[in-house]
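Subject: Handing over the structure

Hi there,

Here is the structure I promised to pass on to you. Have a look at it first, and then read on for what turned up in it.

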Amino acid sequence: MDREAAPPTLFAPSGPLRGTIHVPGDKSISHRALMLSALAVGRSRIAGLLEGEDVLATAGALRAMGAGVARTADGAWEVDGVGVGGLVQPASALDMGNSGTSARLLMGLVASHPITAAFTGDASLSRRPMNRVIEPLSLMGAEFTASPGGALPLMMRGLCPAVPLTYRLPVPSAQVKSAILLAGLNTPGVTRVVESVPTRDHSERMLRGFGAELWIEERQGGAREIALRGEAELRPQSLTVPGDPSSAAFPLVAALLVPGSDVTVKGVGVNPTRAGLFAVLRAMGADLTFANEREVGGEPVADVTARHSVLRGLEVPPDLAPSMIDEYPILFVAAALAEGRTVARGLAELRIKESDRLAAMAEGLRRLGARVEELEDGLAIDGSGAEPLTWNERTPEIAARLDHRIAMSFAVAGLAAHGGVRVDDIGPVGTSFPGFAALLAELGAEVR
Ligand code: S3P
């Protein structure tokens, strides 16, 4: 699934951003909707599915393992599920492209099926650690032969019936939690995951929605134990995927930074386990409001409006990290234009995302003239006090490092920088936010 590099794209200031838009469906929820539909007995229907490359990688893998996955004429997706335990041996390697979520969650599914499968991915994904899922899934009985360091490409063999497990997450990771719960679906008995900090709970909500027996026990200090009874039977569903808050973050922060802007993104997921960025931006002084709060597909949703605001730096509470883990790159851009100092720590996980996001943001923001100190587990940024960036070079070209969120963060930075910013390759944006550049242009940004 290697894509061709796109030519460098210029993002430059051109007056206020205004308009009401939708962003594509939530990436995390889209992966889960396809996977649970593939394991239900019968036909599910998914509206608002993210049609980004990451989610299409999941769709392709599920098809290769026997599920029917097709887009209908009205843009919804229909999935003919094979039932829990019904996945079949794929005929060739499963290509996960750039998608860590596809790789880790699908390994969970394969772990408790009598299937041998090879997992491959692009250069960025092949550098990311898989030991965090290999370890618990091995305890359940799956066998792995991975590349050095526990990386892709790897070969795995599932065990059926697998052995139920009680597992305490060593790192807060919704992907690891979800991989274990998905493996638990076809495992007799009760599979338990304990997390000391709550991570995104889309899997739990959706498993219940599909009829799985799942309990959650809140423990002291915010810890949670999630228990799932296998072998589960899932009922097909008709569901709608909310807009992705991690994608909405880019046009919303752009509106906060560009004078005179007023942008509304409709139908954005505001699940509290994902909404950390909104809380931090408000604490920085952002004019950010929710309207029309409602529930869609078992998830809280709102229309979110951002108006230009002068932001103040702050210390970002480290315990918010899991609820905004993908939003730090764009928060760092906001911090670079705020008044005063922003310090964010406890972010070692950012070094092993699609790129080393701490290094990528520190390097790129410095090229734009921002004052950034790179810490082992975070960044400290002295903001410009709402002065546009770029006094080192006229229009710097920033390396997106095969990372969609780095590309989009510097695109937004370009709207608040003298002379704009060139992003070397916005191709990876297609993994999570197809149409991103066109949408920014529609709001009034200069994109060339
Ligand atoms: C995701 C969980 C997060 C996040 C990723 C999607 C998910 O990763 O960074 O983009 O869908 O479960 P971790 O669980 O590894 O923190």
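One definition before the rest: two strands count as paired if DSSP finds at least two bridges between them. Please also keep in mind that this is a predicted model.

With that in hand, take strand 20 (residues 371-375) and strand 21, which pair in the antiparallel sense over five bridges. Arg371 has Asp382 in strand 21 as its bridge partner. The two strands make a hairpin, with two residues between them.

**The whole chain**

The protein chain has twelve helices and 24 strands. Its radius of gyration is 21 Å, close to the 22 Å that the globule rule gives for 448 residues, so the chain is as compact as a globular protein of that length. If you are setting up a box, the C-alpha atoms fill one of roughly 60 × 45 × 45 Å along the principal axes.

Of the 448 residues, 60% count as buried. Among contacts with a separation of 6 or more, 76% are between residues 24 or more positions apart. The chain exposes about 15,700 Å², and carbon and sulfur atoms supply 51% of that area. As for charges, there are 42 positive and 51 negative ones, and their mean positions are 1 Å apart.

**Strand 13 and its partners**

Which strands pair with strand 13? On one hand there is strand 11 (residues 189-195), which runs antiparallel to strand 13 and is joined to it by seven bridges.

Why is strand 13 described as largely enclosed by the rest of the structure? Buried here means under 20% relative accessible area. Six of the seven residues of strand 13 (residues 224-230) are buried, so the strand is largely enclosed by the rest of the structure.

**Strand 7, with two faces**

In a regular strand the side chains alternate between the two faces of the sheet. Strand 7 pairs with strand 6 (residues 94-95) in the parallel sense, over two bridges. In that pairing, Leu94 stands opposite Phe119.

**Backbone angles to check**

Most residues other than glycine have a negative phi, and most peptide bonds are trans.

- The peptide bond between Cys160 and Pro161 is cis, with omega about 0°. Pro161 sits in the loop between strand 9 (151-157) and strand 10 (166-168).
- A cis bond also links Gly230 to Glu231, with omega near -10°. Glu231 belongs to the loop between strand 13 and strand 14 (238-240).
- Ala386 is not a glycine, yet its phi is positive at about 70°. Ala386 lies in the loop between strand 21 (378-382) and strand 22 (397-398), and at 39% relative accessibility it counts as partly exposed.
- Arg401 is not a glycine either, and has a positive phi of about 55°. The loop between strand 22 and helix 11 (404-414) holds Arg401, which is partly exposed with a relative accessible area of 29%.

**Arg71**

Arg71 is partly exposed, at 48% relative accessibility. Between Arg71 and Leu154 there are 83 positions in sequence and 30 Å in space, C-alpha to C-alpha.

That is what I have for now.

Best wishes

Technical notes: Residues are numbered from 1 along each chain as its sequence is written. This is a predicted model: local features need pLDDT of at least 70, side-chain atom pairs count only at pLDDT 80 or more; totals for chains, interfaces and linings use all residues. Side-chain values use heavy atoms; hydrogens and water are left out. Buried means under 20% relative accessible area, exposed over 50%, partly exposed in between (1.4 Å probe, protein chains only). Helices (H or I, at least four residues) and strands (E, at least two) are DSSP runs, numbered from the N terminus. The radius of gyration is taken over C-alpha atoms; the globule rule is 2.2 Å times the number of residues to the power 0.38. Contact means heavy atoms within 4.5 Å. Accessible areas come from the Shrake-Rupley method with a 1.4 Å probe; for residues, only the protein chains shown count as cover. Lys and Arg count as positive and Asp and Glu as negative; His and the chain ends are not counted. The place of a charge is taken as NZ of Lys, CZ of Arg, CG of Asp or CD of Glu.
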